Amino acid sequence: MRTGTAGRPVRADDAAVIEASKADPEAFAELFDRHAQMIHRYIARRIGPQIAEDVVAETFLVAFRRRDRYEPAQADARPWLYGIATHLISQHRRDESRQLRLHQVARPTPSVEPGHEVRVAGDVTAETVRGALAAALDELPDLERDVLLLIAWEQLSYAETASALGVPVGTVRSRLNRARHRVREALAATGLSATFREILSNE
Amino acid sequence: MNDFDLVLVTSLRPDVTLAPPQHLAAARDQLTAAIATEQRGDVLADPDGEAARAGDRAPQIFPPAGHKPKRSRGWQAAGAIAGLVVAAGVAVALVIGSAAGPTPGPRRGPGPHHQPPVALTAAQWLTTAATAIANQRTPIPRPGQYIYTVIGQPHSTNNEGAWLSANGRKPGFFGQAGGHGGHIRIPPCPVPAAETGKCEFDAGYVPQMPTSPRALADFLVRVGIATKYHGPPDRSKNWAANTLGKSMITMFSSMDLSPRQQAALFKLMAKTRGFVLVKRAVDALGRTGTGIAWSYQGGTVTLIFDRHSYAFLGWTAHGQGGPTDRVSLIKQVIVNRPPSFK
């Protein structure tokens, strides 16, 4: 068996780490080492970097306290951690709103792998709809925004999003549909949606 | 289905790179400390499971430099001579304490059987107090009434009074106790307006104030009683305790808190680092109680509570040059209207 920090064995999956931490609490630190950077990035994207470190710390503290309730069949703990972080983000609603408003005045730099659609989207949004889009996200009901951003920004699957938020997959679908409908309505008001659809259809 | 909207949403994703591990060292240290605490077996009781649901630490609601209790503007402006005259239209006494006796009245007093054992930490004392007072019954002010509070020193000629509208929809007043002399008029500011930043919060009784520690902390920030901290971690020492402690002074010295709200405040303090227990603390009226103290930027403030009833008695403050403040909560009653200020 391989060994990690301080000679601790490197366990196969997160569920094994969490299970081991019930008898050996120190083992839980390995979960932090595995996922803290990713969870921190998610939090920073949503509420800004200034308080992201505080919230990521709180996320893992909550996770540590709740580890007895972790579902052992879930090998990957990321959805669980995303869920805790999302709950904590909801308590920083003003910070998230401020973060979204920043998009209305500063050009974002898309960090996704830039396929043509995304490049076009980045160019267009930079000049035309950034404000409307950010405002639409800001005005979404919290539960719908959580679903939309976990899927669009964090690339979680429907099932992972459902696991993160503790809701059925069907609920994820319906919330996502409602969120997308609201976003499209906001974009339609800018006159962009038809233009952009046309650009994509010509690919 | 065309995914153009999802593509656009994705394009709006902020460009945040993965933080290097050293940037997350403080967060990891907190986890390590929690692990060590559990291994030592000294995890504090959490009767309502709040820690499990919403995190173990209190949210970081720190004040900016120079933060003072909001109410101080009113108290400092109160004028000269005033007696302890009961305001016109007293309806129900809320008995907070008596200048004549060492222990206050029964309002928040669950009885001696709730007295905590000795050698407690501040968190343990606060948790015990929260449990003891949470289910008490106290008079509830009607929306049109006022909460009249007097604070000051014994035999003082300038004790200070506050008349705050129970629902914040009428003007409030700060002035000399009894309503003599000068006063300051506080514009109406109910909770919804305060939460949107339209005015400065001033209400005497707030039934919608949450009774869970986490929600209460958020509420205090929303209405501007407490302030979030966004500075670097190395400058945050005791700022949470400072803003929360001063929020307590602000509220206890002008507002009527329900037992469950007061219990939530105690729980929130219990989850906040920086408070220490002072076994014997004496307020300005000479009443001996239990102190909950914190230090911040060279000064120390002690909130003093009755040992048996957990009622708030007052506070003392010491700066680097010695005592700076010693104030007692002398009276708090529900009145139908404020005095007729001239």
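**Strands, helices and confidence**

Modeller: This is a predicted model. In it, β7(B) and β8(B) form a hairpin with two residues between them, and B:Q297 in the turn has a positive phi of about 50 degrees.

Biologist: In which sense do β7(B) and β8(B) pair, and over how many bridges?

Modeller: The pairing of β7(B) with strand β8 (residues 299-305) of chain B is antiparallel and extends over seven bridges. Within it, B:Y296 is placed opposite B:G299 in β8(B).

Biologist: What does β7(B) form with β6(B)?

Modeller: These two strands also make a hairpin, with five residues between them. B:G286 lies in that turn and has a positive phi of about 85 degrees. Strand β6 (residues 276-282) of chain B runs antiparallel to β7(B), and five bridges join them. B:A281 faces B:G289 of β7(B) across this pairing.

Biologist: How many residues of β7(B) are buried?

Modeller: Seven of the nine residues in strand β7 (residues 288-296) of chain B are buried, so the strand is largely enclosed by the rest of the structure.

Biologist: And chain B overall: how many helices and strands does it have?

Modeller: Chain B contains nine helices and 10 strands. It has 342 residues, of which 57% count as buried. Its accessible surface is about 14,000 Å², and carbon and sulfur atoms account for 56% of that. Of the chain B contacts between residues at least 6 apart in sequence, 66% link residues at least 24 apart.

Biologist: Which residues have the most contacts inside the largest nonpolar core?

Modeller: They are B:F201, B:L220, B:F266, B:M269, B:L303 and B:F305, in a core of 56 residues. Helix α5 (residues 122-133) of chain B supplies the largest share of this core, eight residues. There is also a second, separate core of 42 residues, which includes A:I39, A:V55, A:L61 and A:V62.

Biologist: Let us turn to chain A. Is α4(A) mostly covered or uncovered?

Modeller: It is mostly covered, with 10 of its 12 residues buried. Among them are A:W80, A:Y82 and A:T86. Helix α4 (residues 78-89) of chain A spans 16 Å from its first C-alpha to its last, close to the 16 Å expected at 1.5 Å a residue.

Biologist: Why does A:T86 count as buried?

Modeller: Its relative accessibility is 2%, and the cut-off for buried is under 20%, so A:T86 qualifies.

Biologist: What does A:T86 touch, leaving out residues up to four places away in sequence?

Modeller: A:T86 is in contact with A:Y42, A:R46, A:D146, A:L150 and A:L165. Two of these, A:D146 and A:L150, are buried residues of α7(A).

Biologist: Why is α7(A) described as largely enclosed?

Modeller: Helix α7 (residues 142-152) of chain A has nine of its 11 residues buried, so the rest of the structure largely encloses it.

Biologist: Finally, what is the mean pLDDT of chain A?

Modeller: The mean is 78, and 73% of the residues of chain A reach 70 or more.

Definitions and conventions: Residues are numbered from 1 along each chain as its sequence is written. Chains are lettered from A and ligands numbered from 1 in the order in which they are written. This is a predicted model: local features need pLDDT of at least 70, side-chain atom pairs count only at pLDDT 80 or more; totals for chains, interfaces and linings use all residues. Side-chain values use heavy atoms; hydrogens and water are left out. Helices (H or I, at least four residues) and strands (E, at least two) are DSSP runs, numbered from the N terminus. The expected span of a helix is 1.5 Å times one less than its number of residues. Buried means under 20% relative accessible area, exposed over 50%, partly exposed in between (1.4 Å probe, protein chains only). A nonpolar core is a set of buried Ala, Val, Leu, Ile, Met, Phe, Trp, Tyr and Cys residues joined through side-chain atoms within 4.5 Å. Contact means heavy atoms within 4.5 Å. Accessible areas come from the Shrake-Rupley method with a 1.4 Å probe; for residues, only the protein chains shown count as cover. pLDDT is the predictor's confidence in each residue, from 0 to 100. Two strands pair if DSSP finds at least two bridges between them.
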